[in-house]
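Dear colleague,

Please find the structure below, handed over for your records.

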Amino acid sequence: MPGTDYQSKWDSAKAAHVARLDRWNGITVRRFPLWRTRRRRRALVALHLFGAAMMIAASLSLRPDRDWAVTGRWLGGAAIGAVTVTALRLLTGKMASGFGALLDEREREWRNRIHYTGFQTLAALMLVAMIYLLLIARQPGAGYRGAMMMSALLIFGGSVPTLVLGWQLPDDDPEDFARSDEGDPDA
Amino acid sequence: MSPVRRGKELPIYNRLQVLRAERGMSRAALAEAVEVNPQTIGALERGDHYPSLDLAMRLCAVFGLPVEAVFNREPFTPLSTQVYRVGER
């Protein structure tokens with residue numbers, strides 16, 4: 001049956017893709033071992049919060065004539081946010097961004113928890129953006145200023161799951177990453 | 001961090017580390033056998049995560065032991081002490 005043929009092709013392509021991602025995760029999980037501590041991850045979270053504060057402060061001080069210095073500060077904050085979130089995603093593994101098929105029950109539980117927190121935070125931040133837009137609606141350049149504020153809050157809100165994970169995960173245990181052929185160091 | 005937890009929080013102790021050491025298994029090897037990530041075995045051993053019934057049964061199958069020999073509500077006595085007491089009887 002042609003339908004079954006397409007289904008089996010789709011299933012095998014999906015399985016191959018998941019296996020590729022799993023191999024990639026196996027490589028990245030061992031990268032930057034010195035940075036895989038809660039202290040370092042929390043430092044990155046703090047830096048990200050600084051970047052987000054920069055973006056929000058720049059959005060608040062934007063003028064209708066498109067002040068490039070303020071826009072530059074906004075972009076600087078966004079750059080800090082992008083770098084720190086990328087680093088945190090590498091350091092926290094696949095729980096914040098990986099496919100469900102790659103996660104086991106503990107990781108899914110973590111993901112559900114952080115995404116719930118992320119969703120609630122993002123909803124609250126969008127409410128803040130909406131109120132801000134209503135407040136500045138009659139001022140000149142309201143659209144531009146509102147868009148910049150909404151973007152800042154959206155970027156920050158979207159990063160919340162990764163930030164929560166980076167803040168809460170305990171230090172990595174080197175024994176977790178000992179390969180199967182190395183045996184148990186305690187044995 | 002049990003998948004479902006309501007009411008009073010009750011601990012679940014396990015003997016995974018001892019059983020693994022007895023068999024010379026690494027966390028990665030045990031993780032591979034039950035198809036989870038090695039960090040999850042570490043979390044189970046540290047008591048940071050309580051397994052689902054499915055995972056608990058898969059772990060017991062690897063060691064060929066009943067669930068109550070691997071998981072318990074009460075802390076386990078050291079295996080050597082338990083074996084010695086049985087020998088005394």
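**Findings**

In chain B, 58% of the contacts with a separation of 6 or more are between residues 24 or more positions apart; two residues are in contact if their C-beta atoms, placed from the backbone, lie within 7 Å. This is a predicted model, in which local features need pLDDT of at least 70 and side-chain atom pairs count only at pLDDT 80 or more, while totals for chains, interfaces and linings use all residues. Residues are numbered from 1 along each chain as its sequence is written, and chains are lettered from A and ligands numbered from 1 in the order in which they are written.

Chain B has 89 residues, of which 30% are buried (20 or more other C-beta atoms within 10 Å of the residue's own). Its six helices and two strands follow the order β-α-α-α-α-α-β-α from the N terminus; helices (H or I, at least four residues) and strands (E, at least two) are DSSP runs, numbered from the N terminus.

Helix H2 (residues 27-34) of chain B packs against helix H3 (residues 38-46) of chain B at about 105°, with axes 8 Å apart. Axes are lines fitted to C-alpha atoms over the stretch in contact, and angles run from 0 to 180 degrees between N-to-C directions. H2(B) is therefore roughly perpendicular to H3(B) (65 to 115 degrees). B:Arg27, B:Ala28, B:Leu30 and B:Ala31 of H2(B) meet B:Pro38, B:Thr40, B:Ile41 and B:Gly42 of H3(B).

In chain A, helix H3 (residues 68-92) and helix H5 (residues 142-168) pack at about 20°, with axes 10 Å apart. H3(A) is therefore roughly parallel to H5(A) (under 35 degrees).

Yours sincerely

Methods: Parallel < 35°, antiparallel > 145°, perpendicular 65-115°, else oblique. Buried ≥ 20, exposed ≤ 12 C-beta atoms within 10 Å, placed from the backbone.
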